[in-house]
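My notes follow in the order I took them.

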Amino acid sequence: VSYGGLGMGMARGGASRARLGIYKVCWVGGGCPDAAVLAAIDDAIYDGVDVLSLSIAGVGHELPGTLHAVQRGISVVFGGGNDGPVPQTISNAVPWVTTVAASTIDRSFPTLISLGNKENLVGQSINYNAAMNSSGFQGLVYGGSCDAESLALSNVTGKTVLCYAPAQAATTPPKQALPMAIKSTVEAGAKGLIFAQYTANNLDHLATCKGVMPCALVDFEIAQRILSYWDMTENPVVKVSPAVSIVGKGVLSPRVASFSSRGPSMLFPSILKPDIAAPGVSILAADRNSYVFKSGTSMACPHVSAVTALLKSVHPGWSPTMIKSAIVTTASVTDRFGMPIHAEAVPRKLADPFDFGGGHIDPERAVDPGLVYDVDAREYNKFFNCTLGYLDGCESYYLNLNLPSIAVPDLKDKVVLQRTVTNVGPAEATYHLVVEGPAGIDVFVEPSVINFTRSSSKSAKFMVRFTARQRVQGGYTFGSLTWSDGGTHSVRIPIAVRTVIQDFVADTS
């Protein structure tokens with residue numbers, strides 16, 4: 001499969017021997033009503049499914065009704081939403097589901113942009129139609145923000161338009177500005193578009209240019225060089241060549257996509273979300289009788305659902321929580337070169353747990369995690385009752401819920417919590433602790449060594465104490481806690497801690 005020859009390759013299912021049941025819960029113009037989703041979940045439970053994959057999200061949206069599926073041993077996987085890189089936009093943050101962030105893959109589609117002064121620049125596009133470029137060079141026009149008013153000031157008919165308005169990027173993000181620019185330039189009679197932006201995650205929006213005109217994306221630096229040429233040339237011309245596919249080590253990946261919703265959860269700050277990142281940018285997706293590129297956590301979610309299905313087939317006795325733990329604790333926080341994974345934000349930064357949870361999914365390691373953090377699904381009833389305000393002592397319960405992550409949103413001085421690991425690896429094993437403490441926080445763990453023998457229990461408890469070094473109204477800082485057997489197994493959970501002085505004042509920046 002391919003998109004006009006771009007991204008050519010073999011398409012196969014993530015869990016290719018799985019049977020699929022599709023339940024329609026969304027309608028054009030009607031959204032995805034909670035009642036319809038819950039009815040479909042009930043149907044799926046009745047039909048005997050093993051994994052539920054829900055590419056449904058919205059800021060602050062939760063479906064606590066998924067709990068009864070998990071309590072029947074069904075793993076539930078959700079997309080985390082596409083409202084990043086703004087913090088506190090993650091959805092589907094209840095602890096019994098796996099919440100997925102979107103990442104880029106090692107594939108790009110560079111396109112050559114040739115100026116009349118023989119300068120060659122590189123952008124990105126999904127323009128594969130060489131026929132649209134048969135006329136060679138076209139006149140170049142600067143269209144500013146490329147709204148109708150800006151385009152009316154110049155004769156753009158039959159020409160390639162440069163849309164470059166960095167000052168407006170703060171108020172109109174690329175995923176809104178690009179479709180508007182395409183519509184305006186087409187209506188104005190243009191025959192090409194070069195759109196400047198600060199993120200490369202909008203290639204699928206260029207599909208609307210298909211068969212109409214060549215469209216390319218560039219960053220602000222390249223756009224400025226094109227603008228300088230236009231400004232200094234009496235009759236500026238430009239040629240946008242068809243894109244090519246580049247795959248492999250020459251592409252920096254994975255990175256957390258700019259649109260991927262970020263934590264912390266506004267509803268449940270004590271639950272660290274998202275849980276995991278998976279490929280979700282420019283994914284070839286079936287659309288009627290062809291394939292198109294799509295981006296979103298809706299593309300990333302099925303990747304994790306497939307891995308969940310594979311783990312369930314290898315370990316049929318594992319609970320949904322054990323499978324989720326295996327995925328989170330074996331995730332990668334570095335790329336193939338051993339460099340820390342970045343998150344596309346404004347500007348790009350090192351990824352933290354609010355970007356990608358435990359990290360980027362590593363299916364091969366997840367099969368053999370060594371240790372898992374398990375939860376009796378009935379325990380989640382307490383969480384549900386806490387969200388309804390029916391129980392006391394919920395703060396302590398949240399902290400001690402045996403999740404493969406730790407979030408402390410309100411550390412005033414000192415807090416002590418507990419976790420339990422279950423050995424699913426060799427019967428005899430010794431694990432040593434490696435702690436990466438959050439900045440400004442002292443971390444003490446007891447014990448720091450766990451021994452498993454054939455005659456001992458398969459589970460071991462440990463205590464974690466966080467102590468603030470200074471009394472401040474601070475932001476979140478991040479760390480990790482890793483149990484390592486010195487060989488095959490390295491079991492890592494992410495940590496997020498925020499120091500506070502007063503409960504009613506917070507800082508999520």
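Are C386 and C394 buried or exposed? I found C386 buried, and C394 is buried too. Buried stands for under 20% relative accessible area, exposed for over 50%, and partly exposed for what lies in between, with a 1.4 Å probe and protein chains only.

Before going on I noted the ground rules. The model is predicted, so I kept to local features with pLDDT of at least 70 and to side-chain atom pairs at pLDDT 80 or more, while totals for chains, interfaces and linings use all residues. Residues are numbered from 1 along each chain as its sequence is written, and side-chain values use heavy atoms, with hydrogens and water left out.

**Disulfides**

I took a disulfide to be a pair of cysteine sulfur atoms within 2.5 Å. By this rule I counted 4 disulfides. C386 and C394 form one of them, with an S to S distance of 2.0 Å.

I next looked up C146 and C163, whose sulfur atoms are 2.0 Å apart in a disulfide. C146 lies in the loop between strand 7 (138–142) and helix 3 (148–152), and C163 in strand 8 (residues 160–163), so the pair ties together parts that are 17 residues apart in sequence. Helices here are DSSP runs of H or I with at least four residues, strands are runs of E with at least two, and both are numbered from the N terminus. The link of C146 and C163 is left-handed, with -95 degrees about the S-S bond. Both C146 and C163 are buried.

C26 is joined to C32 by a disulfide, S to S 2.1 Å. The link of C26 and C32 is right-handed, at 110 degrees about the S-S bond. C26 has 28% relative accessibility and counts as partly exposed; C32, at 29%, also counts as partly exposed.

With the bonded cysteines of the protein chain numbered in sequence order, I read the pairing as 1-2, 3-4, 5-6, 7-8. C301 is in no disulfide, and the nearest cysteine sulfur, that of C26, is 12 Å away. C301 counts as buried because its relative accessibility is 0%.

**Helix 5**

Helix 5 (residues 220–232) has 13 residues and reaches 18 Å from its first C-alpha to its last, close to the 18 Å expected at 1.5 Å a residue. The expected span is 1.5 Å times one less than the number of residues. In helix 5 I found I222, A223, I226, L227 and Y229 buried. Seen down the axis of helix 5, the buried residues fall within an arc of 160 degrees, so they line one face of the helix. The arc is taken over the directions from the helix axis to the C-beta atoms. E221, D231 and M232 are exposed, on the face of helix 5 turned away from its buried side.

**Strands**

I counted two strands as paired if DSSP finds at least two bridges between them. Strand 1 (residues 51–54) pairs with strand 2 (residues 75–79) in the parallel sense over 4 bridges. L54 stands opposite F78 in strand 2. L52 and L54 make up the covered face of strand 1, V51 and S53 the uncovered one.

I also looked up an open sheet of 4 strands with antiparallel pairing, in the order 19-21-25-23. Strand 19 (371–372) and strand 23 (441–446) stand at the edges with a single partner strand each, so one side of each is left without a neighbour in the sheet. Strand 23 is joined to strand 25 (residues 459–468) by 6 bridges, and the two run antiparallel. F444 stands opposite R465 in strand 25.

**Single residues**

S258 is in the loop between strand 13 (255–256) and strand 14 (276–279). At 11% relative accessibility, S258 counts as buried. Neighbours within four places in sequence aside, S258 is in contact with G84, P85, T199, N201 and E344, contact being heavy atoms within 4.5 Å.

I placed A39 in helix 1 (residues 34–47). A39 has 38% relative accessibility and counts as partly exposed. A39 and G65 are 26 residues apart in sequence and 10.0 Å apart in space, C-alpha to C-alpha.
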